[in-house]
Structure formats: C-alpha cells, structure tokens
Amino acid sequence: MRNSFDFSPLFRSSIGFDRMLSALETASRIETADNWPPYDIAKTSEDDYRITMAVAGFSQDELAITQEQNMLMVSGQKAGEDKGEYLHRGIAGRAFQRRFELADHVKVVGASLVNGLLTIDLKREIPEEMKPRRIDIAADKAVPKAATKKVEEKQAA
C-alpha cells in the first residue's frame, strides 16, 4: 500500500519553493519497481558528488549521458540483438533510462566507463555573485551631523 501525500496546501502557502515542492510531488509518485541498473550516489567532498552505475555488458557507444537544466539522464541501448541460444540468461541487456534531479548549479564534470561501472562526477559551482561576501566597514571619519539651527526666541517686552 502506497502513501499518497497532498502537497497542495504547501503550494498555496509558500512562495518561491515551486521547484522543491514539484520535486517532492514527483518523488512521491515514482514507482520503485524499476531498480535496474543498480547505482550508488556518493558525496566525495563539500561540493563534489559521484554517481556509479553497474552497466555490465554495455559498451561506451551504447550509453548516453544528457544534462538538461536540472535533470541528468543516463540511458543505455544495446546496438544489436544477440540471437544465440541460451540455457540461462542472467546478464541483463535491456534498454534503460535513469533520471536524476539535480540541484541548482550542479554540473557534470566528467564520466568514465571502467570494468562495467559507469562513473559520473558532478560538482556544485555556485556563481561568484551568489557566494557570501564580506562587506568592509569604513572607519575613517564619522559622518558629520546635519547642522542644527538655533531658533531664536523674541522676548516680548
């Protein structure tokens, strides 16, 4: 039995969190039945991540990695069909497409295929204008006070 969450109250009462709420809503609808190919996601440093996928039987030409805005898509398609006669077929060779939702400013910096493991390195690169910056406080001279005018009172004689 699946739990279904209603995110509509959050959409009505929050401003600027549309993308996060949409991601939560999408994640709650994802079926967990498709767990192939297996993969790991690791945080290798403060701003670096690594996705490792087990894609045994796929060559480099049969795999595709695409990044569109905040979505990383990894897909695999076997080039030709093996028409051999098998007594047992345990190595999966079916086509797949795996999607990963990326946070803002996360970019793919490299990918490699070694011994049946596809490794994708990611890095969060925050633009300079968005990084925190220190504002220096000037201590040269105090700002002069506005000249105050004295109101002279006439004395009644």
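In strand β4, the bridge partner of Ala-64 is Ser-75. This pairing belongs to a predicted model, in which local features need pLDDT of at least 70, side-chain atom pairs count only at pLDDT 80 or more, and totals for chains, interfaces and linings use all residues. Residues are numbered from 1 along each chain as its sequence is written, and side-chain values use heavy atoms, with hydrogens and water left out.

**The sheet around β4**

Strands are DSSP runs of E with at least two residues, helices are runs of H or I with at least four residues, and both are numbered from the N terminus. Two strands count as paired if DSSP finds at least two bridges between them. Thr-66 also has a bridge partner in β4, namely Met-73. Met-73 in turn has Arg-99 as its bridge partner in β5. Strand β5 (residues 96-101) runs antiparallel to β4 and is joined to β4 by six bridges.

Together, the three strands form an open antiparallel sheet in the order β3-β4-β5. Because β3 and β5 stand at the edges with a single partner strand each, one side of each has no neighbour in the sheet. Neighbouring strands of this sheet are turned by 15° against each other on average, direction ignored; the axes behind such angles are lines fitted to C-alpha atoms. Between β3 and β4, which form a hairpin, there are two residues, and Gln-69 in the turn has a positive phi of about 50°.

**The chain as a whole**

The chain contains two helices and seven strands, arranged along the sequence as α-α-β-β-β-β-β-β-β. Of its 157 residues, 17% are buried, where buried means under 20% relative accessible area, exposed over 50%, and partly exposed in between (1.4 Å probe, protein chains only).

**The nonpolar core**

The largest nonpolar core has 15 residues, and Met-53 and Phe-96 are those with the most contacts inside it. Such a core is a set of buried Ala, Val, Leu, Ile, Met, Phe, Trp, Tyr and Cys residues joined through side-chain atoms within 4.5 Å. Strands β2 (48-54), β4, β5 and β7 (117-124) each supply at least two residues of this core. The largest share, three residues, comes from β7. Beyond its neighbours within four places in sequence, Met-53 has contacts (heavy atoms within 4.5 Å) with residues including Pro-37, Val-74, Phe-96, Phe-100 and Leu-118.

Strand β7 also contains Thr-119, which counts as buried at 16% relative accessibility. Among the contacts of Thr-119, leaving aside neighbours within four places in sequence, are Arg-50, Ile-51 and Thr-52.

**Salt bridges**

The structure holds four salt bridges, each defined as a side-chain nitrogen of Lys or Arg within 4 Å of a carboxyl oxygen of Asp or Glu.

Asp-121 is partly exposed at 24% relative accessibility, as is Arg-50 at 34%.

Technical notes:
Axes are lines fitted to C-alpha atoms, for helices over the stretch in contact, and angles run from 0 to 180 degrees between N-to-C directions.
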